[in-house]
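Hello,

Here is the structure you are taking over. My notes on what was found in it follow below.

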Amino acid sequence: MITARKTFLPFALPSISEEAIEEVSNVLRSGWITSGPKVKQFEMEFGDFVSCRESIALNSATAGLHLALEAIGITEKDAVITSSVTFTASAEVICYFKAEPLLTDVDAVDNLMTAETIQELIDRECRFDGKKLIHKKSGKIVRALIPVHLAGHSCNMEKIIPLAKSYNLSVIEDAAHAFPAVHKNKMIGSWGDFTVFSFYATKGITTGEGGMVTTNHSHFADRIRVMRLHGINRDAYNRPGWYYEVIDAGFKYNMTDVAAALGIAQLREAHGFWKRRRDLAQTYATEFKNLKGMKLPREDANGMHSWHLFRIELDPNLAKIGRDTLAEELKERNIGTSLHFIPIYEHPYYKKNFHFEKKNFPNASKMYDRTLSIPLYPGMSNEDVGDVVNAVKELLS
Ligand SMILES: Cc1ncc(COP(=O)(O)O)c(C=O)c1O
């Protein structure tokens, strides 16, 4: 007989304190609820946290990736490299420009884009004329690289940045999972030309929906500030009078003060959230270390893992049950799971429009067959964790 939890344990949940609710309420009562002083404060505090000069708050990370590509002037004549193992946002923003998304495979252990997987793609599909990297099949110029810090484990930026420089590529880090994370004593947020964070409901900190771009390039920051609000040269809060000018056809990507108030409160709790996530990850690691056929995510040897996700990998030849059965059995026991991610090349839109060859992604394909993300979030009680541990052990030992 199955022993299920009484209530469903979701795969992820936000943690919202009473203080945070109070601060959001204060903004709601203040008479200024759209972009204003709270957004400014959140940007400054976030920039200080990750040690980056410029921070621009937006209504999503997707908007941030879009505006970073816009700032460097991506057009339909260009191509951009990203990881095959990511959420569609990292690839779809390339398509917004009718540019060509190029996908790397990932490493077999952490499922990250690496300098080696980038080089492999370049050697196979591109040629370098000394100045420009050209994608041979489409004739497009490769202009940028979007590494994805999957699950909160940083890509090796110390290797990726010099490689990108050698081919004149801008680096836009997708750090949707990587707050707070450290790589070689430097916070994620201060490495690439741009770093893009997500404050979606389940992320390291949340604003409901939201995102932040950090950059040390002031001219790009200025461009993003203009383009996040219709291409208007002054935001509404700072406008001295009624006059403003539209200098380009921009977007409606600004963050509201309501969201920023939540972000400010969450930022204060970020370290505590991270600590609880790491403690839970350590509990899983200790409890599962003797389970046959199960590979556990590892600490970041080069820094600090954000522990956004806890992704396990099951070897079909050694584990007692397969990944799909494990997910179904956990659901029977009232425990939610998820998968990060269905590789980009598996989705109908990308299949139809870009014809990626599966044989070029051996590690991503293996990952897709074998991995599962189990619940990991600060609001989980010790009892919740115990339920997951007991269920997984029962099913796999
Ligand atoms: C890797 C990755 N990149 C980008 C995004 C997009 O973030 P947002 O929902 O804030 O646009 C997500 C969202 O889950 C993600 O997982």
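Predicted model: local features only at pLDDT ≥ 70, side-chain atom pairs only at ≥ 80, totals over all residues.

A polar contact here means a pair of N or O atoms within 3.5 Å.

An N or O atom in the side chain of Lys203 is 2.7 Å from an oxygen atom of the ligand. On its own the ligand has 390 Å² of accessible area, and the protein covers 91% of that.

As for its place in the protein, the ligand sits in the largest pocket. Helix 3 (61-71) and helix 4 (88-96) are the elements that give two or more residues to the shell around the ligand.

There are 15 residues around the ligand, and those that come nearest are Thr62, Asp174, His177, Ser198 and Lys203. By type, the shell divides into six nonpolar, seven polar and two charged residues.

Now the chain as a whole. The chain contains twelve helices and 15 strands. Its radius of gyration is 22 Å, close to the 21 Å that the globule rule gives for 397 residues, so the chain is as compact as a globular protein of that length. The C-alpha trace spans about 70 × 60 × 40 Å along its principal axes.

Regards

Terms used
Residues numbered from 1 in each chain as written. Heavy atoms only, no water. Near = heavy atom within 4 Å. Polar contact = N/O pair within 3.5 Å; in protein donor to acceptor, adjacent residues only side chain to side chain. Areas by Shrake-Rupley, 256 points an atom, 1.4 Å probe, with all protein chains shown as cover. 1 Å grid on protein atoms, 1.4 Å probe; cavity = no way out; pocket = protein on both sides within 12 Å on 5 of 7 lines; lining within 4 Å. Sits in = over half its atoms within 2 Å of the grid points. Helix = DSSP H or I, 4+ residues; strand = E, 2+ residues; numbered from the N terminus. Nonpolar A, V, L, I, M, F, W, Y, C, P; charged D, E, K, R; others polar. Rg over C-alpha atoms; globule rule 2.2 N^0.38 Å.
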